[in-house]
Amino acid sequence: MEGLNSVLEKVGRGVGGVVGRMYQAGRDAIDVVIRTILPFIAFVGLIVGIINATGIGELLANTLSPLASSLAGLLVLSVIIAIPVLSPLLGPGAVIAQIIGVLLGTQIADGNIPPQYALPALFAINPQVGCDFIPVGLSLGEAEPETVEVGVPAILFSRLITGPISVIIAYVFSIGLYS
Amino acid sequence: MDAAAEAAEWFIGVFQLGGEWFVAVAGGILPTLIILLTAVNALVSFIGQDRLDRFAALAGREGVQYTFIRYLALPVVAVFTLTNPMCYSMGTFVPERNKPAFYDAAVSFVHPITGLFPHANAGELFVYLGIAAGVEALGFGLGQLALRYLIVGMIVIYIRGLVTQFIVDRMSARREAAAATA
């Protein structure tokens, strides 16, 4: 009888632990949605409304579409975005990359940009990723101040090289996509 | 009066457009995302921090074969389990001179991963989703795009790690030389 009791207790504890963790996982998920995702959707929704109603969207789209529908254009775009002075300014929260992403998406839907350019475009609009966050990111990895001093310019210059490279690799991998 | 009414309509139209977009996005992606977030949170809590730390310790070793762990496997695992921005804390396990390159690799993976695993960077989904929405509107499936985005992302972060490492080594050497002559 005692053996049975201890088995039951173990099973009960185990199940309780698993359920508790999964419940906590759900709580964390809802937390992120309410604190981070929904506010951002609201913010982008406002931007989408404004740029569509004012015509800024068309202007931006007309500038971006020709660039985004050829390999050369995408390479130019990736180099511009990777310019070391510009890239940290374009970085924060990936807000600009996300707005450009939404704009290019509508252009793809309208048929102004061929869909196979979606993949290289994803890399062309993103060589600045995290360029605003280098000191903080390095501190999270417990880097010394000297490492940050060298790391910031090194990463910014590296993007000028790897930005266009990423577009070319993505272009090669987009062969046969949606055609 | 007509002009004023037109202006008023235009004004409210801005917010209606935004609102329609909000509902489409919130209704379209959030339900799946919430369940996925829950599943991954639970998985990470079952794996536990200890096992992650033990794996991360491998990334600090010398040798070419360990660059694959340092600039490919560890960034991918870190971004998947710890998500943006806590994934960069895995840099703790990387030798000092490799930290910028590790950060560069990890941060460059926070968008390519979102095509298949949106939990990893839930606050910045629209880089991928924005473009993907256009492809979807044309009637194509997104599986191909998401998978290729992930694979190209992995190739790019490894290259980025190596290139940044090369530049850091050059700059550090030059600094040391300057310090020695000064």
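# Exercises on helix packing and loop residues

The axes of α1(A) and α5(A) come within 11 Å and cross at roughly 55°. The structure is a predicted model, and the exercises below refer to it.

**Exercise 1.** Classify the arrangement of α1(A) and α5(A), and describe their contact.

Solution. 
- Step 1. Two packed helices are described by the angle between their axes and the distance between the axes.
- Step 2. On the α1(A) side the contact is made by Phe40(A), Phe43(A), Ile47(A), Val48(A) and Ile51(A), and on the α5(A) side by Val95(A), Gln98(A), Ile99(A), Val102(A) and Leu103(A).
- Step 3. Sorted by class, the residues where α1(A) meets α5(A) are 9 nonpolar, 1 polar and no charged.

**Exercise 2.** Find the span of α2(A), its buried residues and the helices they pack against.

Solution. 
- Step 1. Helix α2 of chain A covers residues 56-68, which is 13 residues. From first to last C-alpha it reaches 18 Å, close to the 18 Å expected at 1.5 Å a residue.
- Step 2. Buried positions in α2(A) are Gly57(A), Ala61(A), Leu64(A), Ser65(A) and Ala68(A).
- Step 3. An α-helix has 3.6 residues a turn, so residues three or four places apart point the same way.
- Step 4. The partners of the buried residues of α2(A) are α1 (2-54), α3 (71-82) and α5 (95-109) of chain A.

**Exercise 3.** Describe how α3(B) packs against α6(B).

Solution. 
- Step 1. In chain B, helix α3 (residues 64-82) and helix α6 (residues 143-181) have axes 9 Å apart, at an angle of about 130°.
- Step 2. That angle makes α3(B) oblique to α6(B), since only angles over 145 count as roughly antiparallel.
- Step 3. The α3(B) and α6(B) crossing is right-handed.
- Step 4. From α3(B), Thr67(B), Phe68(B), Tyr71(B), Leu72(B), Pro75(B) and Val76(B) take part; they meet Met154(B), Ile157(B), Tyr158(B), Gly161(B), Leu162(B) and Gln165(B) of α6(B).
- Step 5. The class count for α3(B) with α6(B) is 9 nonpolar, 3 polar and no charged residues.

**Exercise 4.** Decide whether Glu142(A), Ala143(A) and Thr114(B) are buried or exposed, and locate each.

Solution. 
- Step 1. Glu142(A) is in the loop between α7 (134-140) and α8 of chain A. Its relative accessible area is 54%, so Glu142(A) is exposed. Glu142(A) also has a positive phi of about 55° although it is not a glycine.
- Step 2. Ala143(A) lies in the loop between α7 and α8 of chain A. Its relative accessibility is 16%, so Ala143(A) counts as buried. Leaving out residues up to four places away in sequence, Ala143(A) touches Leu138(A), Glu96(B) and Lys99(B).
- Step 3. Thr114(B) is in the loop between α4 (99-107) and α5 (126-137) of chain B. With a relative accessible area of 3%, Thr114(B) is buried. Under the exclusion of residues up to four places away in sequence, Thr114(B) touches Asn121(B), Leu125(B) and Tyr128(B).

Notes
Residues numbered from 1 in each chain as written. Chains lettered and ligands numbered in written order. Predicted model: local features only at pLDDT ≥ 70, side-chain atom pairs only at ≥ 80, totals over all residues. Heavy atoms only, no water. Axes fitted to C-alpha atoms, helices over the stretch in contact; angles between N-to-C directions. Helix = DSSP H or I, 4+ residues; strand = E, 2+ residues; numbered from the N terminus. Parallel < 35°, antiparallel > 145°, perpendicular 65-115°, else oblique. Left-handed = near helix turned anticlockwise from the far one by under 90°. Contact = heavy atoms within 4.5 Å. Nonpolar A, V, L, I, M, F, W, Y, C, P; charged D, E, K, R; others polar. Expected span 1.5 Å × (residues − 1). Buried < 20%, exposed > 50% of the residue type's maximum accessible area, 1.4 Å probe, protein only.
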